[in-house]
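Let's take a walk through a protein model together.

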Amino acid sequence: MKQEFQIKTELKAMDIKLIHYFLSKESYWAKDIPLKLVETSLKNSYCIGVFHHNKQVAFSRLITDQATFAYLADVFVIVNYRKQGISKMMLDHLMQLPWVKSLRRIVLVTADAHTLYIRYGFEPLRDTTRYMEIHTPERYKK
């Protein structure tokens, strides 16, 4: 990891206001999500933040039982810090954790970062007929 960037995983280190702003205003997947839901989701996830001189510049989280399954969610790098390998720093850190290495399945959904995730062993669903979902994209609309 580059010297000026630091990874933190403690919930108390996360800049919840920044995370909420990005998710609710800039993401395509969580537009208008309420702050209270972001706070609850972080409390119930394994969070990873990347910090530049103690300012958070990136975030991701695993929704997981830390034994068999995880869902990688809310991965982002703020605009001015993109194209510097920060998302790779987060994924390198995450995928080297012993308990992550022992998970039977990790899933994610992405619209535009397939080439990033392929580097870490992710691939399209092998059998899409086995996966089902309840999808309510308008959930946070006012």
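Which are the buried residues of helix H2 (residues 35-43)? They are Val-38, Ser-41 and Leu-42. Here, buried means under 20% relative accessible area, exposed means over 50%, and partly exposed is in between (1.4 Å probe, protein chains only).

## Before we go on

This is a predicted model, so local features need pLDDT of at least 70 and side-chain atom pairs count only at pLDDT 80 or more, while totals for chains, interfaces and linings use all residues. Residues are numbered from 1 along each chain as its sequence is written, and side-chain values use heavy atoms, with hydrogens and water left out.

Helices (H or I, at least four residues) and strands (E, at least two) are DSSP runs, numbered from the N terminus.

## The two sides of H2

Look down the axis of H2: its buried residues fall within an arc of 95°, so they line one face of the helix. The arc is taken from the directions that run from the helix axis to the C-beta atoms. On the other side of H2, you will find Lys-36 and Lys-43 exposed.

What do the buried residues of H2 pack against? Their partners are helix H1 (16-26), strand S2 (46-52) and strand S3 (55-64). Contact means heavy atoms within 4.5 Å.

## H1 meets H2

Two packed helices are described by the angle between their axes and the distance between the axes. For H1 and H2, the angle is about 115° and the axes are 10 Å apart. These axes are lines fitted to C-alpha atoms, for helices over the stretch in contact, and angles run from 0 to 180 degrees between N-to-C directions.

From H1, the residues Ile-16, Ile-19, His-20 and Leu-23 meet Leu-35, Val-38, Glu-39 and Leu-42 of H2. By class, this contact has six nonpolar, one polar and one charged residues. Ala, Val, Leu, Ile, Met, Phe, Trp, Tyr, Cys and Pro count as nonpolar, Asp, Glu, Lys and Arg as charged, and the others, Gly among them, as polar.

## The nonpolar core

In soluble globular proteins, nonpolar side chains tend to be buried together. A nonpolar core is a set of buried Ala, Val, Leu, Ile, Met, Phe, Trp, Tyr and Cys residues joined through side-chain atoms within 4.5 Å. The largest one here has 40 residues, and those touching the most other members are Ile-19, Leu-23, Val-50, Leu-62, Ile-86, Leu-94 and Val-100. Helix H3 (residues 86-95) gives the largest share of this core, six residues.

How many of the 10 residues of H3 are buried? Seven are, so H3 is largely enclosed by the rest of the structure. Among them are Ile-86, Met-90 and Leu-94.

Strand S2 holds Cys-47, which counts as buried at 2% relative accessibility. Leaving out residues up to four places away in sequence, Cys-47 touches several residues, including Leu-11, Leu-42 and Phe-59.

His-52 is also found in S2 and counts as buried, at 18%.

## Two positive phi values

Where does Gln-66 lie? Its place is the loop between S3 and strand S4 (69-77). Gln-66 is not a glycine, yet its phi is positive, near 60°, and it is partly exposed at 39% relative accessible area.

Asp-74 lies in S4. Although Asp-74 is not a glycine, its phi is also positive, about 55°. Is Asp-74 buried or exposed? Asp-74 is buried, with a relative accessible area of 11%.
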